[in-house]
Amino acid sequence: MSEKIIKHLIARGFSTTNMVNSLGEIVQKLNGFADVKTAESWDNVGLLIEPATPKPIQKIFLTNDLTEKVLHEAVEKKTDLIISYHPPIFSGLKTITQKSWKTRLVSVCLENRIALYSPHTSWDNNRGAIGDWLAKALPHKESHIILPSAENSNIGCGRVAQVESNTPITLADSIERVKKHTGIRTVQVAIGVNKTLNSTVNSFAVCPGSGSSVLKGVQADLYISGEMSHHDVLEAIHNNVSVILCNHSNSERGYLTEFKDTLANLLDDSSIEIQLSESDADPLVTY
Ligand SMILES: [Zn+2]
């Protein structure tokens, strides 16, 4: 920490010697849960916005997407750190002006001294995170990673599992279970060509978000994802695989409720308040 910053902090009444819950400390814990090095190489993850003057992190705000509406909520709630699953900054920004919503996000965060961290594919690729959460929609004992990384077979995206249940689980049951698990009212369903709603689901594969490339060709009775292209859905049902689609972020957002507890355990500090966004929602709504 520079001398100038320390003087500035002392002038504002902070004692830097015992500054607990620093941003650096919390980022370290987040990386301990899902190392940003395990994210896909094309991704943009980790600490994306760091205000110039450090301060203790007392309020952490969780959202799937950081829209202007969600950021407004975070500012109102006096958040110190936003964890946004999807990175709001993805490609290079040449200016930080008020002309586009993306750069307004950066500007508002800095002005309100709010830090921003995005885990994205580091969560997709780690055990105990978003992929395993979505797989919990259907009962199973263990799951396998669909696309393991070359360096570590326990890192990678997509999960495939055998259903483990005392009574058979049908496609109709699976639809209800997915709705309950993700907390959504409606899903889109495509039924495998030789199947019905009463067909038993013995195996299933999941991919939160956009599942087409991960799920393609995977042997299972059912795919569960957020979105897939029309042609990939046609391909799946002609391979006799049924498909349940929740809308992109509806297949991800529910994980934040589980992560809230995970984070509370990681931080082990009851003085830090963790809030779930109330305005974060999928932009597509079924009428
Ligand atoms: Zn996504």
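Me: Which residues does Arg104 touch, not counting residues up to four places away in sequence?
Reply: Arg104 touches Glu68 and Gln98, with that sequence limit applied. Touching, or being in contact, means that the two C-beta atoms, placed from the backbone, lie within 7 Å. Before we go on, note that this is a predicted model, where local features need pLDDT of at least 70 and side-chain atom pairs count only at pLDDT 80 or more, while totals for chains, interfaces and linings use all residues. Residues are numbered from 1 along each chain as its sequence is written.

Me: How far apart are Arg104 and Glu68 in sequence and in space?
Reply: They are 36 residues apart in sequence, and their C-alpha atoms are 8.1 Å apart. Arg104 itself lies in helix α4 (residues 101–111). Helices here are DSSP runs of H or I with at least four residues, strands are runs of E with at least two, and both are numbered from the N terminus.

Me: What makes Arg104 buried, exposed or partly exposed?
Reply: The count of C-beta neighbours decides: 20 or more others within 10 Å is buried, 12 or fewer is exposed, and anything in between is partly exposed, with C-beta atoms placed from the backbone. Arg104 has 15 inside 10 Å, so it counts as partly exposed.

Me: And how is Asp65 classed, buried or exposed?
Reply: Asp65 has 20 other C-beta atoms within 10 Å, so it is buried. It sits in the loop between β2 and α3 (68–76). Leaving out residues up to four places away in sequence, Asp65 touches Val70, Ser84, His86, Ser249 and Asp280.

Me: What does the same test say of Asn239?
Reply: Asn239 has 14 other C-beta atoms within 10 Å, so it is partly exposed. Its place is the loop between α9 (230–238) and β10 (242–245).

Me: Which strands make up the open sheet, and in what order?
Reply: The order is β1-β4-β3-β2-β11, five strands with mixed pairing. β1 (46–49) and β11 (273–276) have a single partner strand each, so they stand at the edges with one side left without a neighbour in the sheet. From one strand to the next the twist averages 25°. Helix α2 (residues 23–33) packs on this sheet, touching β1, β3 (81–84) and β4 (115–118), and its direction makes about 10° with that of β4. Such angles run from 0 to 180 degrees between N-to-C directions, and the axes are lines fitted to C-alpha atoms, for helices over the stretch in contact.

Me: Which way do the residues of β4 point?
Reply: Ala115 and Tyr117 point one way, Leu116 and Ser118 the other, and all are buried. In a regular strand the side chains alternate between the two faces of the sheet.

Me: What makes a set of residues a nonpolar core, and which have the most contacts inside the largest one here?
Reply: The set must be buried Ala, Val, Leu, Ile, Met, Phe, Trp, Tyr and Cys residues joined through C-beta atoms within 7 Å. The largest has 61 residues, and Leu81, Phe204, Ala205, Leu222, Tyr223 and Ile224 have the most contacts inside it. Domain 1 (3–119 + 254–276) and domain 2 (127–245) both give residues to this core, so it lies between them. Those bounds come from an automatic or database domain assignment. The domain centres, taken over C-alpha atoms, are 32 Å apart, and five residues of domain 1 are in contact with seven of domain 2.

Key:
Pairing = 2+ DSSP bridges.
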